[in-house]
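I opened this entry to record what I looked up, in the order I looked it up.

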Amino acid sequence: MVAEKPKILLIEGKRAEYPSFFSGLVKKGFSVESVPNGSTALSRLQDCHPDLVLIDAASMRTSGKRICQSIQNSIPHIPIVVVIDETSINTDSLQAHVILKQPFTLQKLLNRIRPLLPSDDKKLLRVGPLVMDLEQRWVRYGERQERLTPRLVTLLKILMHHQGEVIDRKDLFRQVWETNYTGDTRTLDVHISWLRQAIEHDAGKPRFIKTVRGVGYRLDIDAEDTQPLPRKRSKHA
């Protein structure tokens, strides 16, 4: 049985500065449908059933903001990648998983879209906008990617497998440290703090890893939350 190719809906206009992404993506094994504008893309979404939408805003001399909003209103959880012009400054309003500024290579584009596409690869764990590579030990959210220690990978994997559930502190400690001793779980709190520094925009006001007082921790993922976080270097990655 031949695996179905990942489907990409490409929105791009005519441009002289850079070549189209269409042929390059097709050669790399993707099924690509190209449309010239946002309105045509909206009319194709339901029939095309793409796995990802690639908006080449630079080729249409637009910010891409309105197209992003329209697509999210139609299919809220679909991954969106936006390509902007090298002169673009304000990207805060773009509600996209990935924002790429021209110029860049096709390989860079592939590196950014592949984690957002459906995969049978058991090395990748996805929950909402979070993607973790269990072998390479990195976690990615939007534009940001952080390396993790083996212990932090185990901790985040448990939280991701039980997304939305409150996990008792002692139970979590037992699973991560593989021990029955739970006399001092303060080291768990320290690792939770390090994990928050890796994936939270503000570790002091976490929106993903929540503390449930007197009980434990819970991973909260809002499936509609696709606003990428700025890159930062984690001290414990």
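**Cysteines, confidence and the sheet**

The cut-off I applied for buried is under 20% relative accessible area. Cys48 has 9% relative accessibility and therefore also counts as buried. I then looked for disulfides and the structure holds zero.

The model is a predicted one, and I noted its confidence. The average pLDDT for the protein is 84, and 87% of the residues reach at least 70. I marked residues 223-237, where the pLDDT is below 50. In the model this stretch still has 52 contacts beyond near neighbours in sequence.

Next I traced the sheet. How many strands form the sheet, and in what order? I found five strands in an open sheet, ordered S2-S1-S3-S4-S5, with parallel pairing. Strands S2 (31-35) and S5 (98-101) are at the edges; each has a single partner strand, so one side of each lacks a neighbour in the sheet. I noted an average twist of 20 degrees from one strand to the next.

I then took one pair in detail. Strand S1 (residues 7-12) and strand S3 (residues 52-56) run parallel and are joined by five bridges. For Glu12, I found the bridge partner in S3 to be Asp56.

Last, I checked what packs on the sheet here. Helix H2 (residues 38-48) does, and H2 touches S1, S2 and S3. The direction of H2 makes about 170 degrees with that of S1.

Key: Residues numbered from 1 in each chain as written. Predicted model: local features only at pLDDT ≥ 70, side-chain atom pairs only at ≥ 80, totals over all residues. Heavy atoms only, no water. pLDDT = per-residue confidence, 0-100. Contact = heavy atoms within 4.5 Å. Disulfide = S-S within 2.5 Å. Buried < 20%, exposed > 50% of the residue type's maximum accessible area, 1.4 Å probe, protein only. Pairing = 2+ DSSP bridges. Helix = DSSP H or I, 4+ residues; strand = E, 2+ residues; numbered from the N terminus. Axes fitted to C-alpha atoms, helices over the stretch in contact; angles between N-to-C directions.
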